[in-house]
There are 2 protein chains.
Amino acid sequence: MPDSPRARRSAQPSRFRAHPAQVGVAAFALTIAIGTVLLMLPVARVGPGGSTLLEALFTATSAVCVTGLVVVDTATHWTPFGQVVIVLLIQVGGLGIMTFASVVGLSVLRKMSLRSRITAAAESGSVGLENVRGLLLGIVTTSVVIEVCVGALLSARFVFGYGEPLGRAVWLGLFHAVSAFNNAGFALFSDSLMSYATDPWISLPIAAAVILGSLGFPVLVQLRRFPRLPRKWVMNTRIVLAATVVLLVVGTVYLTAVEWSNPATLGQFAGPDKVLAGFFQSAQARSGGFNTIDWGQMDSASLLGTDVLMLIGGGPAGTAGGIKVTTFAVLFFVLLAEIRGEGAVNVFGKQLARAVQRQAITIVLIAVALIAASTVVLMLLTDFSLDVLLFEVISAFATVGLSTGITASLPVGGQVLLMLLMFIGRLGPITFASALALRQRPATFELPIERPIIG
Amino acid sequence: MPDSPRARRSAQPSRFRAHPAQVGVAAFALTIAIGTVLLMLPVARVGPGGSTLLEALFTATSAVCVTGLVVVDTATHWTPFGQVVIVLLIQVGGLGIMTFASVVGLSVLRKMSLRSRITAAAESGSVGLENVRGLLLGIVTTSVVIEVCVGALLSARFVFGYGEPLGRAVWLGLFHAVSAFNNAGFALFSDSLMSYATDPWISLPIAAAVILGSLGFPVLVQLRRFPRLPRKWVMNTRIVLAATVVLLVVGTVYLTAVEWSNPATLGQFAGPDKVLAGFFQSAQARSGGFNTIDWGQMDSASLLGTDVLMLIGGGPAGTAGGIKVTTFAVLFFVLLAEIRGEGAVNVFGKQLARAVQRQAITIVLIAVALIAASTVVLMLLTDFSLDVLLFEVISAFATVGLSTGITASLPVGGQVLLMLLMFIGRLGPITFASALALRQRPATFELPIERPIIG
Ligand SMILES: [K+]
Ligand SMILES: [K+]
C-alpha cells in the first residue's frame, strides 16, 4: 500500500536518521561476532584445536546478552584466556545494555515530553545525565565501584574461608562480581555455585550484586542522589523498588515452601540454610542466573513459579532481562483500576500515561506469543517435557540463564533458537518499546466508537 | 476505609438492586444442587446403591456448566434416567447461559449507552429483543430448531448407517444434538465419538451444531435477520465470525500437521480422514469437548496449541466458554494499532471503545492468573506432568471438557478445584465483564500524568 498512511508516515525525518536503537542492535551483533572469533581461537579452549562455531557463537551470544546459558562447561572447556574473553564480553554487554537502554529511554522521554508538552524536567530526572558521554561515564563508574566492592568481599572469602591463593581468589572474586552485577550468571565452577549454597559470605554478596544490577541505572542514580527522600523519586524508581521487594519476598517464600522437603534440593539443608538457599534462587530467578541448588531436581511447581519470575524480570535500563517489572506493574495497576471501576490508572499519586498502558500490553502479548511459539518448536524438535522446555525458553528470552541442564543436549536447531531468543529478549523489548513510544501519534480523524461484548 | 471513594460509590442504587448477574449465579447454583440430588438417586445409577456426592456433584456441575469433564463413564455409570437428567441439565445450563449472558449484555449496553450517550440503537441491535421473556423465547426457539435438525440428521445416520432401532437412534441423535449445540461434550459412548472419527455423517453435523452454539445468540439473531448483509452486522458479529473462521482453519491445519503421522492418533487414517478428524478436533477445541481421537495420545505440542484455542473460546452470549473470541480480538487489534503507531484502535471501520480495551486486559490477566495458580495447586497435589495438568485446568476453566483422561484419577481436592474452575469459568467472565462495565465511572479529579520506562 504505497499511498497508505503508513507510507506517508515514513517521510518523517526522525525515522531515517540512525536511531539509537539501530546503532545498539548493530553494536551488539558486532560484539558477538568479535567474541565468537576470539572464542574459536585454539588458545581459548582447553586441549588441542579450537571450539566449533556453534560453541563459540552460543557462548559469545550468551555472554554479551548477559544470559548465562551454556552448551560447554565454562570451568573446564575454556582456558583462562577464554574465560577472560567471556568476562570482557559480559562487561561490554552489561555496560552496553545499560547505556543503550538509557539513551533510548532518554530519546523516548525527550520526544514524549516535546510531543505531549509534559515538563521534561521531572522525567529526565530519572536519568539525570543529559549526554551520552556523561551517561556512559556514570554507568562505568557505578559498575566498577559495585563490582570492585563485591569482588573484594568474595576474594576475601575465597582466601580466608577456602584457602585459595591470593591471585586465584582475586580472579574468582572479580569474575563472579562482574558476572553477578551484569546479571550474566556465568560461573567458574562446573556446578555454578552449588558448593556455596550454605555460605552467606559468598551467596549474599552475589545476590546483592545481582539485585543492584537488576534495578537498572536510572534507579541507582536516584538512590545515590536522594537515598532518604522517597518523595523525590520518580514513578519508575518507586515501581522498581516496590516490585523488587515484593517479588523477592514472594519468590523466596514460594520456592522455600515448595522445595522445603525435596531431598534433592532444599531437603538436604537445615532450616536457616533452606531459607538462605530459597532466597538466593529467588534473587537469581529474575535475571541473575546463578544457582546453588540443582534446577534439574526442582519440583515442576517451582519451575512454573520461576517461569513467572523470569518473565517479569528486573528494572528497565539495567542488566536484567524479561518484560521488566515496570511493564508488569503497569498491567497490575490497570487491573486494579479496572476492578475498582476507576477511569484513570493512578500509581503512587501520579496518573499513568495512557499510551504506556497499551505499550505494556503490546510487549507482554508479543513476549507471550514468542515464548509459546518457541516452546512449540522445541516440543516438535525434542522429546523433553513441557515444563523443562518452557523453563529453558523463558530463561533464554528473559536472559536469565537458569536451566534444568538440557541446553547442551538440544539439537542444533534448538540451540540456534535459544540464541535468537537471547538476542531478541535482550534488545527486543527496549527497541520495541522505544519504537512504539516514538511512533505514537495523534489520530488525524476518528471513526465512530463501538464496543463488542466482552467475556 | 469507610470514608474512601469506594464506600461512597456503593451508595449508588444500581449496586444494591438484584443485578441480573447475582440472579444468574444463584440460578446456576440451584440448578446444580437439584441435579446433584437427582443424580444421587439409586434409580440414576446402574447397579445397586446411588452415586457418591462427589460423583453426582461433579457430573451435575459439568452438565450445567456445559463442560463435559467426567469422573464416571456417562455411558455405563448412569441409567437412562440418569442420562435424561444429564441432558436436561445440559439444556437448562445452555439456555440459562445464553439468556443470562444476553440479559447481562443488554443491561451493560443500556447503561453504557446512557452514560456515554452513544446511540443505543446500533448497539442493542446486537441482541434485538428488548425484554427477557421475548429474549428467552427467541433463544429457546433457536435452540430447539437447531437441535431438532441436527438430531434428525444424526438419528437417520444411526438408523441407516449403523442399524440402530428407531427409538434408540432418536435418543442417540437428540442427546448428542443437545450436547453439541450447548457445547457440552457429553457423549453416550465410553470413548466419546472415537468410533465415528472417519464418518462425516456423524462428525460434521455435530461439528456444525457445536460451531453454531459457540457463535453466541446475538450473532445467530443477526445472521437470521441479515444473512446476506454483512454491512448491517455490528462489530460483535463481525469479530465473532471472522475469528471463528480463522481459528477453525488455524486449528485444523496445526492439529492435522502435528498429528499427521502419530500412529496413535491421525496416523491410523487415510489422508482425507486425517483432515476430517483434524477439523473435528479443532472445531471441538474452542468449547465443544467431543473427541474422535484420544487426547491422551496426542503430542504435547498439540496439547499446548489446543490450550490456546480452548482459552480463547467462542462468541459471547453463546454456549462456548473461554475468555471469548471478542476479548482475544480486542487484544489483537490493540496490538495491531500499537505496532502501526495509531492512537485509536479501529476495527472493521469502527473505533473500539477505550473502556473495552482495559476490560479485555483485565479479564485475560485474571484468567491467566487463575489458570496458573490452579495448575500449580494440581502440580503440588499430583504427579502428573505440566502439559496434561495445564490442559485439564484450561479445559475446565474454558468449559471445554477435553481431557487426556486424568479427571477420574485426580484426588478429591483436585476434582473440587476443577468444579470450581468450571463454575467460575462459566459465570465469571460474564458477570465480571458486566460488573466492570457497570462500575466504570468518570474520574472526579485527575492526578498529574507520568510514565515509567517500559520494556
Ligand atoms: K542472566
Ligand atoms: K464443553
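This section describes the potassium sites, the salt bridges and the surroundings of one serine in a predicted model. Residues are numbered from 1 along each chain as its sequence is written, and chains are lettered from A and ligands numbered from 1 in the order in which they are written. Local features need pLDDT of at least 70, side-chain atom pairs count only at pLDDT 80 or more, and totals for chains, interfaces and linings use all residues, while side-chain values use heavy atoms, with hydrogens and water left out.

The potassium ion (ligand 1) is coordinated at 2.4 to 3.1 Å by the O atoms of Val66(A), Thr67(A), Asn183(A), Ser287(A), Gly288(A), Thr399(A) and Val400(A). Donors are N, O and S atoms within 2.8 Å of the metal (3.2 Å for Na, K and Ca); water is not among the atoms, so sites may look incomplete. The donor residues of this ion follow the sequence spacing V-T-x115-N-x103-S-G-x110-T-V. Helices (H or I, at least four residues) are DSSP runs, numbered from the N terminus. Val66(A) is buried, at 0% relative accessible area, and Asn183(A) is buried at 0%. Buried means under 20% relative accessible area, exposed over 50%, and partly exposed in between (1.4 Å probe, protein chains only).

In chain B, the potassium ion (ligand 2) is coordinated at 2.4 to 3.1 Å by the O atoms of seven residues, among them Ser287(B) and Gly288(B). Ser287(B) is buried at 1% relative accessibility, and Gly288(B) is buried at 0%.

Over all chains the structure holds 4 salt bridges, each a side-chain nitrogen of Lys or Arg within 4 Å of a carboxyl oxygen of Asp or Glu. One of them joins Arg157(B) and Asp199(B) at 2.9 Å, N to O. This pair links helix 7 (residues 132-162) of chain B to the loop between helix 8 (166-181) and helix 9, 42 residues apart. Arg157(B) is partly exposed at 26%, whereas Asp199(B) is buried at 5%. Arg168(B) and Glu164(B) also meet in a salt bridge, at 3.5 Å; Arg168(B) is partly exposed at 38% and Glu164(B) at 22%.

Ser203(B) lies in helix 9 (residues 200-215) of chain B and is buried, at 1% relative accessible area. Its contacts (heavy atoms within 4.5 Å) include Tyr196(B), Leu276(B) and Phe280(B), not counting residues up to four places away in sequence.

Key. Helix = DSSP H or I, 4+ residues; strand = E, 2+ residues; numbered from the N terminus.
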